[in-house]
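Work through the exercises below with the sequence and the structure at hand. Each task is followed by a solution in steps.

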Amino acid sequence: MKLVAQLEDLLYQSQQAPKKEELRLSAWRILVHESEAVSLGIKDNSPGSVYTPPSYRQGESGEVFLVWADGTCSQAIVQLPFKNDPDYWPKELEQWKLASYEDPDATHIPSPEPLELVALEDRAIEQIIAGKDEVLFDQVKQWLKDRPSEAKMQGSIQAAWGYRHVRTSTGLAVTYQQSQFISWFSFDSLVGGGFVKRRLIRPEEREDLWVQIVNQYEGMKKEAPPVGPQTQVILSPSMTEDMLGQFVLPNFSGDRVIEGQGAFSKENFLDQKLVFHPHFSLLIDPLRPLELGSYMVTPEGVPAHRTVLARDGLLQTPYLRVKDAVRWGAKPTALPQGTGGLYLKHQAEVPWEEALQGVEDGVLVLSVLGLHTQEAVSGSYSLSAPHCLRILKGKIVGRTDVKLTGNFLADLAAPTTKTAQASLSNLPYLMIKTGVQTL
Amino acid sequence: MEQIEIRALVQAVLAETKGLKGYFIVRAQSRREWSLRLSNGRLDRVSTGGDSGYGVQAFTKEGASGFANSDVLALELGRTLIDKAIRLARRNEAIGSKRNRQIWEAPQIQEEVRNPAQKVFGEISLSELQEKVISLHSRLRDGFPEGSWQTSYRQIEEVWCIGRSDGTLVSFVIPRAVLMHQGTVRDQGKAQSTLIYRSGMDATVLFEELADHSLEKKAMDRAAFAKAVCSAPHLPSGHYPLIIDYGLAKGLAHEAFGHAVESDHMNESVLGEAGKLRIGLRVARPGVNIIDGPLLGDWAYQPFSANGLIRQTVTIVKDGVLVAGLGDIFSGEEAGMPVTGAGRAESYGQIPLPRMSNIRLLVDRMLPLTPAEHLMDEVKVVRETLMQNGELREGEKNLLLLGYRGGQVNPKTGDFVFQCDGIIDVADPNLPIYQPSIFSGKILSALEAIRGGLGEGCFDAIGACGKGGQSVASSGGSHRYLLMDVDQQVSLGGEQA
């Protein structure tokens with residue numbers, strides 16, 4: 001019997017006819033994932049080394065949230081029992097009751113609402129899981145054949161497919177299929193790129209990504225002139241994503257705002273304070289087809305819908321889980337999946353190729369060391385960025401190492417900040433004026 | 001699942017491989033975790049649960065491997081996982097993968113290690129744990145009301161069993177617990193946060209904290225320091241003589257050095273040459289020693305590797321000279337280093353990689369230091385001790401870097417970065433405070449710059465090692481503080497000079 005069915009039986013019975021009155025539930029919520037995944041890696045130009053062998057994973061696990069008749073609540077991670085023991089779940093239920101606590105704001109279980117349909121599954125990935133996995137092995141062979149001869153290559157490719165089940169005591173019963181495809185590679189652990197979506201990479205995307213990374217690798221071979229104080233800093237799309245994840249996302253988390261642990265206060269949101277340049281808007285969109293950050297329903301049973309966090313530079317709302325929404329006095333919002341589903345928009349965005357032409361003196365930052373160590377609340381950064389690409393008169397001219405000092409929240413508020421559209425990413429290149437010096 | 005049950009399961013799965021060609025490793029893990037979190041006086045989350053399962057790593061007789069795992073700890077799945085793993089291994093053989101038959105050379109071991117916890121998981125009920133954590137959280141809020149506080153407590157128990165085709169069967173229990181206070185403070189419109197923790201094997205951590213409130217005192221001191229940092233000026237970037245606390249020293253030893261001596265990294269390590277560890281290389285001044293190995297009761301304790309070998313304590317650097325690396329069964333020999341059982345994995349679902357456990361950096365030249373109860377008192381003692389020993393240079397900043405916020409290293413180039421909570425100039429009698437700035441440079445230069453230690457060894461700085469996308473408990477430390485000379489390859493970020 002499937003885990004979700006076992007849990008439904010257990011919780012329904014505990015709500016309607018509990019074996020002990022103190023174990024009576026007034027409401028509940030279940031989230032279960034069933035998934036299968038296959039993967040293969042490259043280490044030091046070797047496919048399927050002992051550290052990156054072809055792998056298969058299967059899982060069936062989830063979490064339950066319970067509201068007891070006495071108003072307390074519990075939450076627990078659940079898996080299938082390891083042996084067929086009829087007392088397993090009743091014992092678990094007693095354990096969960098022992099772990100119950102008072103949190104009145106958390107006890108609200110939303111009623112079902114109409115769901116918007118969004119494509120979350122690529123049938124081609126299901127075929128891979130079913131055994132037609134040549135595409136993974138072929139891709140790895142192709143990478144190794146095409147790699148720059150002097151490069152030490154690392155890489156990985158993974159396909160996953162499965163079901164997501166959400167059930168609530170208020171009547172929501174949703175099961176849908178979803179897939180995931182991740183591939184990445186790097187040369188000499190200096191330059192790399194990847195692709196992450198709910199569908200397979202298309203041939204033209206694979207080619208564009210490969211050409212882009214090989215060009216960056218070639219660009220690294222020549223030493224370039226050092227940067228100066230006027231040098232424009234350009235964050236690559238993956239760097240933009242990392243910076244948003246480190247400095248912006250935590251400050252839009254509802255619980256952090258409510259608890260006074262973010263850069264912005266609740267009053268700032270209610271007053272719609274201007275915190276970014278008016279050209280910028282920030283939103284969560286879980287309804288884009290086959291994007292990793294897309295979903296049909298949150299783990300709490302809230303249907304997917306778009307949420308604007310900041311419009312034209314003005315704060316709109318933090319992202320709110322059900323409990324935060326109760327405390328905030330609003331409806332729950334869309335939720336990001338890491339930085340997946342988060343989009344930064346600028347009114348004057350131009351394609352990257354066009355933006356690059358206009359860069360007289362710039363440096364393209366592909367990665368930094370130690371970003372995760374930076375203070376999210378203040379937005380301040382002091383970062384080391386070895387292996388950047390120097391841009392002079394609209395052309396990449398070689399490699400340089402820089403140190404960056406600034407404040408990312410201030411960068412997003414500055415009138416000098418611009419963005420450029422990336423063809424392979426949902427997030428843009430970010431062109432900023434910030435403290436930059438030779439490392 | 002108890003140790004006896006998990007051993008029986010692994011043995012039964014291995015029995016299914018009898019008659020199959022090749023070699024099999026079965027790793028099973030049963031993990032339980034209780035966690036609770038309070039936020040500004042409210043119980044925010046109490047969670048129970050775990051993650052259990054097992055994985056089969058199969059090798060063809062030529063040494064190509066495949067791996068299959070499931071989060072269902074059921075014997076019925078054993079045959080499926082074995083079939084999947086060996087099928088993938090054969091596919092792997094067909095694509096010309098690099099073969100590895102080292103596992104056939106591993107020594108056969110049969111061992112069952114008893115749970116070292118003083119208070120076994122579940123001995124203290126969740127409601128009692130809640131009571132204790134609420135009490136600690138309330139005291140902290142009363143003591144430092146201007147802060148926004150989160151208090152978390154996590155208690156984990158991992159039961160592991162590793163079995164192999166050669167009859168090896170080892171099982172052990174890893175108990176871990178940590179109490180954390182995270183505070184956010186504001187001053188002059190700016191905010192800073194601070195995180196402080198106390199770790200151990202089990203709920204004893206809470207009992208000890210209730211007895212001495214040492215974490216609470218540290219949290220309040222660190223919050224006051226963070227408040228001062230909010231309005232502190234930036235330092236000009238440059239090269240300075242430094243004093244780093246043992247949390248940062250653990251970061252330096254782990255990120256900047258330990259990863260560079262792991263056997264799977266020798267093709268890309270600054271400490272490797274033609275794929276071999278550069279044993280005999282002088283990497284630090286005489287008197288500097290780096291040791292890695294599990295410590296009983298420590299956050300990163302693990303008595304056996306995830307491949308079923310004994311985890312050895314290794315002196316990596318002795319008297320400034322590189323003498324050994326962290327070798328696992330698969331790459332130790334190829335990397336020119338002994339196999340020391342260094343393979344560790346986050347869970348049954350991942351392939352073990354060579355990695356550290358508790359790494360500590362110690363220097364023969366140690367100045368004694370009497371730790372003070374409060375942070376700024378201790379900083380004064382540091383200054384006085386350095387002055388008495390002629391270690392502070394006139395007219396030059398001597399910067400004490402406090403708090404470890406994490407770091408990153410590129411083992412190939414030797415570039416590292418670390419971040420601290422804030423900086424104090426101990427050469428100035430007013431002990432001015434500065435904003436944190438990135439501490440970066442070349443790892444060999446940083447090691448070469450170490451000139452002494454201040455205070456006895458403190459090895460309880462904890463973290464999670466993220467190598468290979470996994471998250472594995474790590475720990476370590478050094479003397480209470482390490483002294484580092486100015487070096488042109490080691491710098492602090494900050495404003496442009």
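This is a predicted model: local features need pLDDT of at least 70, side-chain atom pairs count only at pLDDT 80 or more; totals for chains, interfaces and linings use all residues.

Residues are numbered from 1 along each chain as its sequence is written, while chains are lettered from A and ligands numbered from 1 in the order in which they are written.

**Exercise 1. State the confidence of the model.**
Step 1: For chain B the mean pLDDT is 94, and 99% of its residues reach 70 or more.
Step 2: The scores of the model are ipTM 0.92 and pTM 0.92.

**Exercise 2. Describe the overall form of chain B.**
Step 1: Count the elements, which are DSSP runs numbered from the N terminus: helices (H or I) have at least four residues and strands (E) at least two. Chain B has eight helices and 27 strands.
Step 2: Take the spans of the C-alpha trace along its principal axes, about 75 × 55 × 35 Å.
Step 3: Compare the radius of gyration, taken over C-alpha atoms, with the globule rule of 2.2 Å times the number of residues to the power 0.38. A compact globule of 497 residues would have a value near 23 Å, so the 24 Å of chain B agrees.
Step 4: Of the 497 residues in chain B, 59% are buried, meaning that 20 or more other C-beta atoms, placed from the backbone, lie within 10 Å of their own.

**Exercise 3. Describe the contact between chains A and B.**
Step 1: Residues are in contact if their C-beta atoms, placed from the backbone, lie within 7 Å. Chain B gives 66 residues and chain A gives 56 residues.
Step 2: Elements giving two or more residues on the side of chain B include α2 (78-94) and α3 (126-143) of chain B.
Step 3: Strand β3 (residues 55-68) of chain A runs parallel to β4(B), joined by four bridges; strands pair if DSSP finds at least two bridges between them. In this pair, S55(A) is opposite F67(B).

**Exercise 4. Which strands are the edges of the open sheet in chain A?**
Step 1: Write the order of the eight strands, β13-β17-β18-β8-β14-β15-β16-β19, with mixed pairing.
Step 2: The edges are β13 (350-351) and β19 (435-438) of chain A, as each pairs on one side only.
Step 3: Four bridges connect β19(A) with the antiparallel β16 (residues 395-407) of chain A. There, K403(A) is opposite Q437(A).

Notes:
A residue is buried if 20 or more other C-beta atoms lie within 10 Å of its own, exposed if 12 or fewer, and partly exposed in between; C-beta atoms are placed from the backbone. Two residues are in contact if their C-beta atoms, placed from the backbone, lie within 7 Å. pLDDT is the predictor's confidence in each residue, from 0 to 100.
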